[in-house]
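Please keep the sequence and the 3D view open while reading.

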Amino acid sequence: MSNSPLHIELIQPDDWHLHIRDGEVMKDVLADTAQQFARAIIMPNLKPPVTTADLAKAYRTRIESNLKSLGISSFTPLMTLYLTDNTSADEVHKAKAEGIVAFKLYPAGATTNSDAGVSDIKRCYKVLEAMQSVGMPLLVHGEVTTAQIDIFDREAVFIDTVLEPLRKDFPGLKIVFEHITTKQAAHYVRDAATPSNTLAATITPQHLLMNRNAIFSGGIRPHHYCLPVLKREEHRVALLEAATSGNPRFFLGTDSAPHAKGDKETACGCAGCYSAFNALGLYAEAFESVGKLDKLEGFASFFGPDFYSLPRNTKKITLAKQAQKIPAELPLGNDTIVPLRAGETIAWSLI
Ligand code: NCD
Ligand code: ZN
């Protein structure tokens with residue numbers, strides 16, 4: 001494959017970290033994702049959170065009925081449960097039996113809708129033991145929430161104070177370090193001496209394409225605010241290096257996190273970037289920027305299912321170097337949403 005082909009053919013990718021919310025808005029965001037991806041890991045941070053297998057089943061049914069009304073039969077939601085201080089080990093077995101694919105650890109207060117999250121991971125040791133024994137992956141929002149820790153250091157401190165001790169106590173637990181944003185996280189995952197297939201990380205398009213200057217360029221840019229927050233350029237470079245390295249521990253997870261325009265453009269705006277509209281085009285741009293388009297298929301289509309022990313997709317899709325204007329706003333239920341790169345032209349489109 002040449003460095004800048006006009007077309008790239010890929011096995012259809014999946015999105016291993018996605019927020020689609022609930023109710024009125026769900027079908028709008030689901031349609032964007034289902035146009036590109038065959039499957040997606042559906043995050044459980046609803047209000048109230050999806051904490052039990054029964055709640056996850058009901059959520060899956062609502063997703064399926066939205067897919068049906070959109071006329072989409074080619075997309076599979078992969079459900080997750082929200083871990084709390086009170087989750088029982090029994091719930092792990094119920095979840096496994098229901099085909100729920102993972103549990104999500106939100107440190108309490110770390111991000112959008114995480115108030116019911118875990119206050120101290122030690123409270124969850126019985127659940128983690130059960131997860132380890134049945135091969136249920138733990139997906140972690142890797143930031144400490146201590147107010148004294150600088151927001152730009154929260155991920156690095158999480159590695160030392162939570163993740164490393166956790167991995168020592170549960171060496172066989174499958175862990176995905178979600179939406180990594182720092183050099184420390186990229187190197188930690190790359191260098192971990194771990195039994196194969198127990199540690200991986202997802203990387204978002206915004207963290208591959210932007211550094212923290214993007215939050216403040218010419219004024220405050222609420223649509224570039226997500227958590228974990230964008231970091232310095234040296235971190236972006238390390239993430240891009242990791243994503244394009246061909247190392248199967250790194251795979252695609254957009255963390256597309258829809259919030260209505262008014263909830264972003266306000267005095268205390270919500271965290272989250274909406275990247276689902278043309279996420280694959282954004283990833284292609286990032287990979288092309290370092291001449292590594294040949295590594296996109298592994299990152300986007302192979303390493304995720306391999307980690308989760310799911311079959312790879314078989315259908316192919318084509319990305320073309322065909323400029324596409326991203327709309328300034330998109331419908332979101334009765335509101336609108338401002339997608340990443342709103343009003344700009346991006347080079348790659350799905351055809
Ligand atoms: C996510 C959301 O809005 O649900 N926000 C974000 O900034 N990424 C939550 C999360 O994944 O942290
Ligand atoms: Zn997320």
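Glu-164, Arg-167 and Lys-168 are joined in a network of salt bridges. A salt bridge here is a side-chain nitrogen of Lys or Arg within 4 Å of a carboxyl oxygen of Asp or Glu. By this rule the count is 16 salt bridges.

The model is predicted, so local features need pLDDT of at least 70 and side-chain atom pairs count only at pLDDT 80 or more, while totals for chains, interfaces and linings use all residues. Residues are numbered from 1 along each chain as its sequence is written, chains are lettered from A and ligands numbered from 1 in the order in which they are written, and side-chain values use heavy atoms, with hydrogens and water left out.

One of the salt bridges sits within a helix. Glu-233 and Arg-236 pair with 2.9 Å between N and O. Both belong to helix α8 (residues 233-243) and are three residues apart, about one turn of the helix. Helices (H or I, at least four residues) and strands (E, at least two) are DSSP runs, numbered from the N terminus. Arg-236 is buried at 17% relative accessible area, whereas Glu-233 is partly exposed at 34%. Buried means under 20% relative accessible area, exposed over 50%, and partly exposed in between (1.4 Å probe, protein chains only).

Arg-62 forms a salt bridge with Asp-22, with the closest N and O atoms 2.7 Å apart. Arg-62 is in helix α2 (residues 53-70) and Asp-22 in the loop between β2 and α1, 40 residues apart. The side chains of Glu-98 and Lys-57 meet at 3.5 Å, N to O.

Which residues hold the zinc ion (ligand 2)? Its protein donors are His-17 (NE2), His-19 (NE2) and Asp-255 (OD), at 2.0 to 2.1 Å. Donors are N, O and S atoms within 2.8 Å of the metal (3.2 Å for Na, K and Ca); water is not among the atoms, so sites may look incomplete. His-19 lies in the loop between β2 (15-18) and α1 (26-36), and Asp-255 in the loop between β9 (250-252) and α9 (261-264), 236 residues apart. His-19 is buried at 7% relative accessible area, and Asp-255 is buried at 5%.
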